[in-house]
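Here are my reading notes for you, written as numbered points. Please keep the model open beside them and look for each part as we come to it.

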Amino acid sequence: MAKLDRRRSFLRQSGFRDARLIGIACEGSLTELRYFEAVKEKLAEHPSRIHIELIKREEGSKSAHKHVINSLDAFRKKVGFLLSDNFWAVIDYDRWGEKALSDAAKKIEQKGYLLAVSRPCFEAWLLLHLLSDNDLDISFLDELDKSGCKAIIGEIQKLKGYYTKDLKDAEEYLALSEVAIHNAKKLDTKENCRWPQSFGSKVYLLLLSILKS
């Protein structure tokens, strides 16, 4: 009962008394947060039954990936939860490695949280906003996966002319969100896997959960 009371207090203060809550904990402290802040701002332009809450990690945290689950735990305990709520961990493949990511995925699943992994990093999700079907060459994308985030940022810079880590152009990406979802789904040939097995991003699942609400 106390948990329900905390939730009601949170919703009353936010103005979303009856809304479904989507809590998002990002491993990164800047780019990812700015992207989802833009999603939240866009959602606010239209009446909705959902409320997005971004769960920021503590400043100065050197091992962000180790604190994502703890951040979700603390947030859920603070606000309470309803069965319709979703809590997402948005993380990068290249910061974990197979074993650590597998262990984390099991914990996330056990707690009822959802996982959105980008491989090798969140910038892969951003790049998918800018690629056409003809650009989805598997050998090219595999090479980007092996080369890492700097190479992906280089591709973004080629296509846009620039890249800023603070994502001041987040709205431009959102305008192409359907393209990104299409591309990510096309690359996600093993949907039952918890994370992409090669270049790609499961962030499209989080976007779909928001857009379909």
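1. **Before you start.** This is a predicted model, in which local features need pLDDT of at least 70 and side-chain atom pairs count only at pLDDT 80 or more, while totals for chains, interfaces and linings use all residues. Residues are numbered from 1 along each chain as its sequence is written, and side-chain values use heavy atoms, with hydrogens and water left out.

2. **The whole chain.** You will find 10 helices and five strands in the chain. Both kinds of element are DSSP runs numbered from the N terminus (helices are H or I with at least four residues, strands are E with at least two). Of the 213 residues, 48% are buried. Here buried means under 20% relative accessible area, exposed over 50%, and partly exposed in between, using a 1.4 Å probe and protein chains only. Contacts (heavy atoms within 4.5 Å) also tell us something: among those between residues at least 6 apart in sequence, 77% join residues at least 24 apart.

3. **Helix α2 by itself.** With 14 residues, α2 reaches 20 Å from its first C-alpha to its last, close to the 20 Å expected at 1.5 Å a residue. The expected span is 1.5 Å times one less than the number of residues. Which residues of α2 are buried? They are T31, E32, L33, R34, Y35, F36, A38 and V39. Their cover includes the strands β1 (20-26), β2 (50-55) and β3 (86-92), along with the helices α5, α8 (170-174) and α10.

4. **How α2 meets α10.** Two packed helices are described by the angle between their axes and the distance between the axes. Axes are lines fitted to C-alpha atoms, for helices over the stretch in contact, and angles run from 0 to 180 degrees between N-to-C directions. Helix α2 (residues 31-44) packs against helix α10 (residues 203-211) at about 15°, with the axes 12 Å apart. That angle makes α2 roughly parallel to α10. The naming goes like this: under 35 degrees is roughly parallel, over 145 roughly antiparallel, 65 to 115 roughly perpendicular, and the rest oblique. The crossing of α2 past α10 is right-handed; that word applies if the near helix is turned clockwise from the far one by less than a right angle, and left-handed if anticlockwise. From α2, the contact uses Y35, F36, V39 and L43, and from α10 it uses V203, L206, L207 and I210. By class, that gives eight nonpolar, no polar and no charged residues. For these classes, Ala, Val, Leu, Ile, Met, Phe, Trp, Tyr, Cys and Pro count as nonpolar, Asp, Glu, Lys and Arg as charged, and the others, Gly among them, as polar.

5. **How α9 meets α10.** Helix α9 (residues 177-187) packs on α10 at about 130°, with axes 9 Å apart. This makes α9 oblique to α10, and α9 passes α10 in a left-handed crossing. I181, A184 and K185 of α9 touch Y204, L207, L208 and L211 of α10. The classes here are six nonpolar, no polar and one charged.

6. **How α6 meets α7.** The axes of helix α6 (residues 138-147) and α7 come within 6 Å and cross at roughly 130°, which makes α6 oblique to α7. Look for F140, L144 and S147 on α6, and for C149, A151, I152 and E155 on α7. This contact has five nonpolar, one polar and one charged residues.

7. L127 lies in helix α5 (residues 122-128). Is L127 buried or exposed? L127 counts as buried because its relative accessibility is 0%. Beyond neighbours within four places in sequence, L127 contacts L144, I152, E155, I156, L159 and F199.

8. **Two backbone details.** Most residues other than glycine have a negative phi, and most peptide bonds are trans. The peptide bond from R119 to P120 is cis, with omega near 5°, and P120 sits in the loop between β4 (114-119) and α5. L167, not a glycine, has a positive phi of about 50°. L167 belongs to the loop between α7 (149-160) and α8 and is buried, at a relative accessible area of 0%.
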